[in-house]
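User: I am new to this structure and would like a friendly tour of it. Could we take it one question at a time?

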Amino acid sequence: YKIVKKEAFTVIANAKTFPYEGAKESVPQFWQEHFQSGKSAVVCGWYGINIDLEMGQENFEYLIADPYNPQKEVPEGFEIRTIPAFEWAVFPCRGAMPTALQDVNTKIYTEWLPALKEYEFAAGYCVEYYDDPTKYEKGTLDENYYCEIWIPIKKK
C-alpha cells in the first residue's frame, strides 16, 4: 500500500443505507440494480464509498459515485456529497469483482489495521476507486481488472 494526501472532493451519487450484516451480498446487488435501472447513464461508478460517521453502528451508507460537475443539473434520486481531505492508505486490488475487492478488504481489517503502529483509522469513510472496465477484455470480471481501496488514516 501507499500513503497519499488527497484534498476534499465532491461526488454525485446514488446512495443507500445497509446493515453491515449481509453487506457482502447486498452491496454488489445494489450495483446490479444501479446498472439495470439505467442510473449508470448519470453515474457510471468511478467510486463506491462507504460512510459510517459514527464508526461502529449497525448500518452504513454506501454511495455509487462519480466526480461531481457543478455545471450539470443533479437529477432526482441522486445526491451531492463532499468527501473530506485526509491522508489515505491506498491499497491496490487486482482481479475479478467483487471477490478480489472483498478479499483485499478482509485483509485490511483482519491483518493490516490490527498491526498498525504509527497510524490509526481517521474517520468513518472507505473509498473504492474503480478503473474503467472497458480497458479490460472481460470488464470487471477480468483477472487483471484494477481498483483501489482508500482508508483514511492519521498518526497515533
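User: In which strand does N50 lie?

Analyst: Strands here are DSSP runs of E, at least two residues long, while helices are runs of H or I of at least four, and both are numbered from the N terminus. By that numbering, N50 falls within residues 47-51, which is strand β3.

User: What kind of model is this, and how are its residues numbered?

Analyst: This is a predicted model, in which local features need pLDDT of at least 70 and side-chain atom pairs count only at pLDDT 80 or more, while totals for chains, interfaces and linings use all residues. Side-chain values use heavy atoms, leaving out hydrogens and water, and residues are numbered along each chain as its sequence is written, starting from 1.

User: Is N50 buried or exposed?

Analyst: Buried means under 20% relative accessible area, exposed means over 50%, and partly exposed is in between, using a 1.4 Å probe and protein chains only. N50 has 18% relative accessibility, so N50 counts as buried.

User: Which residues is N50 in contact with, leaving aside neighbours within four places in sequence?

Analyst: Contact means heavy atoms within 4.5 Å. With those sequence neighbours set aside, the partners of N50 are Y20, F60, E61, Y62, G124, Y125 and C126.

User: Which cysteine sulfur is nearest to that of C126, and which is nearest to that of C147?

Analyst: C126 is in no disulfide, and its nearest cysteine sulfur, 11 Å away, belongs to C147. C147 is in no disulfide either, and its nearest cysteine sulfur, at 3.8 Å, is that of C93.

User: Are C126 and C147 buried or exposed?

Analyst: C126 has a relative accessibility of 7%, so C126 counts as buried. For C147 the relative accessible area is 0%, so C147 is also buried.

User: What does I149 touch, apart from neighbours within four places in sequence?

Analyst: I149 is in contact with residues including A89, V90 and F91.

User: What is the volume of the largest pocket?

Analyst: On a 1 Å grid over the protein atoms alone, a pocket is an open set of points where a 1.4 Å probe fits, with protein on both sides within 12 Å along at least five of seven lines; lining residues have an atom within 4 Å of a point. Grid points are joined across faces, edges and corners, and a volume is the space filled by probe spheres set on the points. For the largest pocket this comes to about 1100 Å³.

User: Which residues are closest to its centre, and which element supplies the largest share of the lining?

Analyst: Of the 39 lining residues, the closest to the centre of the largest pocket are V27, Y62, L101, E128 and Y130. The largest share of the lining, 7 residues, comes from α1.

User: Where does H34 lie, and is H34 buried or exposed?

Analyst: H34 is part of helix α1, residues 23-36. Its relative accessibility is 1%, so H34 counts as buried.

User: Which residue is joined to P98 by a cis peptide bond?

Analyst: P98 sits in the loop between β6 and α2. The cis bond, with omega about -5°, joins P98 to M97.

User: Is E54 buried or exposed?

Analyst: E54 is found in the loop between β3 and β4. Its relative accessible area is 58%, so E54 is exposed.

Terms used. Disulfide = S-S within 2.5 Å.
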